[in-house]
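Colleague: Take me through this one feature by feature, please. I want the general idea, then the case at hand.

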Amino acid sequence: MEVSPETSAISTPGRARRADMKIGIIGAGNIGGNLTRRLTALGHDVSVANSRGPHTLKDLADETGATPVRAEEAARGAEIAVVTVPLKAVPDLPSGLFDGAADGLAVIDTGNYYPQRDGRIAGIEDEGLTESRWTARQIGPPVVKAFNGTYAQDLLDRHRPAGDPERMALPVAGDDEAAKRKVRDLIEELGFDTVDAGGIDDSWRQQPGTPVYGLRGGVDAVTRALAEASPERPEEFRG
């Protein structure tokens, strides 16, 4: 796949803000916590869950107005669900996690495979699955890969209005074009441009160790970095 500015168009500045959405966040670590902060500040109805139970999320709920729930309740009625847990925890997520979600649910996968933390995952190492393809097989619905190479603090500090020369761009990969568009619109509302990184089988281009991973650049820089990626997994990210 070649990535070019023409095929990776960003949204037009001034796109009308869509109505507030119900969003479920599964995982309240650095990325999940800061997405909760930003999305509630934008007026979205956010439910947030972790593995330890709603009572452990009281401080985050008091700070943001988000609703702390059990994991199996997070996506009920949601138009977007964010799965932001370590890969090793993905197979242990509750069954029926997305039962009761809204029609057209988009599931965002923010995960990365770190063998030193997650142990060796054969599907990724031996079958050559991308990390998000493996995740989708565990949880059921298709996923959109986003935020996996984003510093959590940048969600709070580096958002900029459309057209700002310092506005960062984030790569977004997914097979379902409608779901990917929904996720890209949300990211652009958060204050970041987006670049279409292809389908989930192309999402190796934004996995750890690739040029775009952790890149704080605009659309052109992100587009170049995606094009320069190698499918060979770096040694430090092998189990």
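Modeller: Start inside. The largest cavity has a volume of about 100 Å³. Of its 15 lining residues, Gly149, Thr150, Leu170, Pro171 and Val212 are the closest to its centre. This is a predicted model: local features need pLDDT of at least 70, side-chain atom pairs count only at pLDDT 80 or more, and totals for chains, interfaces and linings use all residues. Residues are numbered from 1 along each chain as its sequence is written, and side-chain values use heavy atoms, with hydrogens and water left out.

Colleague: What makes a cavity a cavity, and a pocket a pocket?

Modeller: Work on a 1 Å grid over the protein atoms alone: a cavity is a set of points where a 1.4 Å probe fits but cannot get out, a pocket is an open set with protein on both sides within 12 Å along at least five of seven lines, and lining residues have an atom within 4 Å of a point. Points join across faces, edges and corners, and the volume is the space filled by probe spheres set on them. By this rule there is 1 cavity of 30 Å³ or more.

Colleague: What is the volume of the largest pocket?

Modeller: About 610 Å³. It is lined by 35 residues, and the closest to its centre are Gly27, Gly29, Thr84, Val85 and Pro86. Helix H1 (residues 30-41) gives the most to this lining, with 3 residues. The classes are 16 nonpolar, 15 polar and 4 charged.

Colleague: On to the sheet. In what order do the strands run?

Modeller: Strands pair if DSSP finds at least two bridges between them. Here 8 strands form an open sheet with mixed pairing, in the order E3-E2-E1-E4-E5-E6-E7-E8. The edges are E3 (67-68) and E8, each pairing on one side only. E1 and E2 (residues 45-49) pair in the parallel sense over 5 bridges. Lysine 22 stands opposite aspartate 45 in E2, and isoleucine 26 faces alanine 49 there. Further along, 2 bridges join E5 to E6 (residues 144-145), also running parallel. Aspartate 109 stands opposite lysine 145 in E6.

Colleague: Why is E1 described as largely enclosed?

Modeller: Buried means under 20% relative accessible area, exposed over 50%, partly exposed in between (1.4 Å probe, protein chains only). In E1 (residues 22-26), 4 of the 5 residues are buried, so the rest of the structure largely encloses it. E2 also has 4 of 5 buried, so it too is largely enclosed.

Colleague: Which residues of H5 are buried?

Modeller: In H5 (residues 131-139), they are Glu131, Ser132, Trp134, Thr135, Ala136 and Ile139. They pack against E4, E5, helix H4 (122-125) and E6. Just after H5, glycine 140 takes a positive phi of about 110°.

Colleague: Last, two loop residues. Is aspartate 92 buried or exposed?

Modeller: Exposed, at 64% relative accessibility. Aspartate 92 lies in the loop between E4 (80-83) and E5 (106-109). Its C-alpha is 9.1 Å from that of glutamine 138, 46 residues away along the chain. Glycine 111 sits in the loop between E5 and helix H3 (115-118). At 4% relative accessibility, glycine 111 counts as buried. Leaving aside neighbours within four places in sequence, glycine 111 is in contact with Leu87, Glu131, Lys145 and Asn148.

Definitions and conventions
Nonpolar A, V, L, I, M, F, W, Y, C, P; charged D, E, K, R; others polar. Contact = heavy atoms within 4.5 Å.
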